Amino acid sequence: MSKAFGSKEVIRKTAEVRDASNMRDYQQSYDSFSWQEAETLLAGLPGGHLNIAHEAIDRHVIAGHAEQIALRWIAKSGERTDFTYGELSRLTNRFANVLRSNGLTKGDRVYALLGRVPELYIAALGSLKAGCVFCPLFSAFGPEPIKARMEIGTANALVTSTRLYSRKVAGIRPALPALKTVFTIDGDAPDTLALQPLMNVASDQFKMAKTDPEETALLHFTSGTTGKPKGVVHVHQAVVAHTETGRIALDLRAGDIYWCTADPGWVTGTSYGIIAPFTNRCTMIVDEAEFDAARWYDILSSEGVNVWYTAPTAIRMLMKAGTKVMEPYHFPALRFMASVGEPLNPEAVIWGQNAFGKPFHDNWWQTETGGIMIANYAAVDVKPGSMGKPLPGITAGIVEVEGDAVTELTTPMTIGELALRPGWPSMMRGYLNEQARYDKCFKGGWYLSGDLAMRDADGYFWFVGRADDLIKSAGHLIGPFEVESALMEHDAVAEVAVIGLPDETAGELVKAYVALKPGHIASEDLRLDLLGHARKRLGPAVAPKIIAFRQNLPKTRSGKIMRRLLKARELGLPAGDISTLESDET
Ligand code: ATP
Ligand code: MG
């Protein structure tokens, strides 16, 4: 199992880098950590109340930072608009007043269906101020996924644009009786309220809702990689974890220029694309446009980004775009780069090291965990291909589940389910309307993640695959990530997905779908070369038996490869829930 794992060189951190980071000594921090102490980084509200928006915005204004830029918005056109903490405080107050004057009270669900525009951020924080539950939806969803998510969460209000409303919501509105109010950010549409005139007359003073730490703040839907997306409930207390993990795992500091490329339609884009950067008093960059290699390099360089949080799919696209497009740009301000959402191939970590002079720091978490749980840190050596070590405050284990019995597997590099001891502040408080499913996640004092991983003798965790994706071939357990990473080393390969296909003799056969970099053409010779490379790296038992070339791989809109869909198509089975699928060629 461990051929492709751990075989690369360790990227060592210099004393200079270590000493300059927020967490200089991992072990010491881990051993002495307490969530109670982390809570003291926050201001809180009188009477033991806690509100994410107060921690994100208003307390900085009270502390004298009203003039600091909180949000720099880059429109598709490239035009920049800045919002200071003071301005965001007033705008979110106005929005909270608009909600109140339209009958929305504490506990009501406010959804957003918007691209990455300033109103999205104002609506998120303004809803929290009003004590409402905020739920962002990805603007590229079609009407059905929107309807399903609004039904599950019983949406009471929606903030959207006239275009998105008429194209996607007007038709499903009759099926959503709880949806009383729709605000449109850019003028009027029938049965909606234009937001701007309401904002203009609303007061910019608002008395923050007295939310209890355990009151629901956010509703997030999972990515739908393995099946129907689940509605995950998070509370205001989660802000303790957002803030602390942002400080430790992303090395965020007050005044940093920070760019998270995730859309708030996914949990990363909220926990680390709204909350953590603001609670750590950073200046956050938001780009309205979609991925474009030159544009991204330009933003990193011209905005002087210090900390950059992105995803494997984007990194692989940058790798695919080649180094030439990068040449005109320099990144002297860039201090820390991190990645989440999918396994990050060792090749991508090393590419980062060569291209930027520093590695991407992979970290692992889920919608359910609300915040980063396992990470590579600024001050800790990076083993490319490993997702790092548990955050201070987090106990992670590799376990085997048999019926109701859960056994921790302590032998290094043993495959088992990645499990966490519950109790951190941003842990989900429930799956909406799915109590039984929620209960099933907890067994023997562990939260079971549904992912398979291994831990090495130094305490680093290595992702193997989703429990559903593990391949059993001729007596071997094969994690798709290991095979994908080996193929990624080949010069011609841009992206790979590996699945197991039923086989009478072997049980399952390993099949790899390979997308090529520009300039490489699919051919029998290349296929044989790839097979040879994989055999050399992995041995014949683990290497794929079949390689198919594909121009694109099916992915969720959050950029995760949907292996289950490749398998279903291969076997002629129903595709299952594909509400989050980004179109691909079949
Ligand atoms: P669904 O639960 O609906 O199938 P999903 O699990 O993809 O979708 P998310 O909560 O967005 O929904 O993603 C969390 C999952 O993403 C993790 O359980 C893991 O499988 C994968 N993941 C996240 N970060 C990493 C990482 N650094 N390495 C490997 N896998 C990761
Ligand atoms: Mg999941």
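Author: Happy to. A residue is called buried when its relative accessible area is under 20%, and exposed when that area is over 50%. Please keep in mind that this is a predicted model.

Reader: Which residues of helix H12 are buried?
Author: Helix H12 covers residues 293-302. Just after H12 comes Gly304, with a positive phi of about 60°. Within the helix, the buried residues are Ala293, Arg295, Trp296, Tyr297, Ile299 and Leu300.

Reader: How many of the residues of helix H16 are buried?
Author: Helix H16 runs over residues 480-488. Its buried residues include Glu482 and Glu484, and also Phe481, Leu487 and Met488. H16 is largely enclosed by the rest of the structure, because the number buried is 9 of the 9.

Reader: Which residues have the most contacts inside the largest nonpolar core?
Author: That core has 105 residues. Helix H6, residues 118-129, gives the most to this core, with 7 residues. Apart from it lies another core, of 48 residues, with Leu300, Val349, Met488 and Leu526 among them. Inside the largest core, the residues with the most contacts are Tyr258, Phe278 and Tyr309.

Reader: What is Tyr258 in contact with, leaving aside its neighbours within four places in sequence?
Author: Contact here takes heavy atoms within 4.5 Å. On that basis, the partners of Tyr258 include Pro277, Cys282, Thr283 and Met284.

Reader: Which residues come nearest to ligand 1?
Author: There are 22 residues around ligand 1. By class, this shell has 5 nonpolar, 10 polar and 7 charged residues. Those that come nearest are Gly224, Thr225, Thr226, Thr367 and Asp451.

Reader: How much of ligand 1 does the protein bury?
Author: Start with the polar side-chain atoms: one of Gln366 lies 2.8 Å from an oxygen atom of ligand 1, one of Thr367 lies 2.5 Å from an oxygen atom of the ligand, and one of Asp451 lies 2.7 Å from an oxygen atom of the ligand. Taken alone, ligand 1 exposes 630 Å². Of that area, the protein buries 96%.

Reader: Which strand gives the most to the shell around ligand 1?
Author: Strand S14 (360-364) and strand S23 (461-466) each supply at least two residues of this shell. The one that gives the most, with 3 residues, is S14.

Reader: Where does the side chain of Thr160 have a polar atom 2.9 Å from a backbone oxygen?
Author: Thr160 lies in strand S5, residues 157-160, and counts as buried because its relative accessibility is 0%. Beyond four places in sequence, Thr160 touches Leu114, Tyr165, Val182, Phe183, Thr184 and Ile185, among others. The backbone oxygen at 2.9 Å belongs to Leu113.

Reader: Is Asp191 buried or exposed?
Author: Asp191 lies in the loop between strand S6 (181-184) and strand S7 (193-194). Its phi is positive, about 65°, although Asp191 is not a glycine. With a relative accessible area of 62%, Asp191 is exposed.

Reader: And Arg281, buried or exposed?
Author: Arg281 sits in the loop between helix H11 (267-279) and strand S11 (283-287). Its phi is near 55°, a positive value in a residue other than glycine. The relative accessible area of Arg281 is 18%, so this residue is buried.

Terms used. Residues numbered from 1 in each chain as written. Chains lettered and ligands numbered in written order. Predicted model: local features only at pLDDT ≥ 70, side-chain atom pairs only at ≥ 80, totals over all residues. Heavy atoms only, no water. Core = buried A, V, L, I, M, F, W, Y, C linked by side-chain atoms within 4.5 Å. Buried < 20%, exposed > 50% of the residue type's maximum accessible area, 1.4 Å probe, protein only. Helix = DSSP H or I, 4+ residues; strand = E, 2+ residues; numbered from the N terminus. Near = heavy atom within 4 Å. Polar contact = N/O pair within 3.5 Å; in protein donor to acceptor, adjacent residues only side chain to side chain. Areas by Shrake-Rupley, 256 points an atom, 1.4 Å probe, with all protein chains shown as cover. Nonpolar A, V, L, I, M, F, W, Y, C, P; charged D, E, K, R; others polar.
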